[in-house]
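These notes are for a colleague opening this model for the first time. Please read them with the structure in view.

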Amino acid sequence: MVNQKQFGVWMDSSHATVVGEMSADDKKLQVIAHVHGQVDEGNHEKTLQTKFFKEIASHLVNATHIHITGTGQAQEQFIHFLADTP
């Protein structure tokens, strides 16, 4: 597992907590970020969701393993977002 970047994400449709290793030397997992999405009942829901997912993904740079968990269907949508994103 040398040079592996591992992350964990707990998320629902409006909040995500990202954990990972802060440095390559320190193998302890720490909370890296709390990401808050905006909830919109109108026509901008998909745009806001994409913005939310992009902000979460910005903390997962060069990830080799990601464990995603949480409530609702946001995890499955985020997994599809990551699969479609280079």
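Contact here means heavy atoms within 4.5 Å. Helices (H or I, at least four residues) and strands (E, at least two) are DSSP runs, numbered from the N terminus. This is a predicted model, in which local features need pLDDT of at least 70 and side-chain atom pairs count only at pLDDT 80 or more, while totals for chains, interfaces and linings use all residues. Residues are numbered from 1 along each chain as its sequence is written, and side-chain values use heavy atoms, with hydrogens and water left out.

1. Helix α2. This helix spans residues 74-84, and its buried residues are Ala74, Gln75, Phe78 and Phe81 (buried is under 20% relative accessible area, exposed over 50%, partly exposed in between, with a 1.4 Å probe and protein chains only). Viewed down the axis of α2, these buried residues fall within an arc of 115°, so they line one face of the helix; the arc is that of the directions from the helix axis to the C-beta atoms. Glu76, Ala83 and Asp84 are exposed on the other side of α2. The cover over the buried residues includes β1 (6-11), α1 (45-57) and β4 (65-70).

2. How α1 and α2 meet. The axes of these helices come within 11 Å and cross at roughly 70° (axes are lines fitted to C-alpha atoms, for helices over the stretch in contact, with angles from 0 to 180 degrees between N-to-C directions). α1 and α2 are therefore roughly perpendicular to each other; angles under 35 degrees count as roughly parallel, over 145 as roughly antiparallel, 65 to 115 as roughly perpendicular and the rest as oblique.

3. Alanine 57. This residue is in helix α1 and is partly exposed, at 22% relative accessible area. Beyond its neighbours within four places in sequence, alanine 57 is in contact with Phe78, Phe81 and Leu82. Alanine 57 and phenylalanine 81 are 24 residues apart along the chain, and their C-alpha atoms are separated by 9.4 Å.

4. Threonine 17. Strand β2 (residues 15-21) holds threonine 17, which counts as buried at 16% relative accessibility. Its side chain makes a polar contact with the side chain of histidine 34 at 3.3 Å (a pair of N or O atoms within 3.5 Å; within protein, one must be able to donate a hydrogen and the other to accept it, and residues adjacent in sequence count only if both atoms are side-chain atoms).

5. Histidine 15. Histidine 15 also lies in strand β2 and is buried, with a relative accessible area of 19%.
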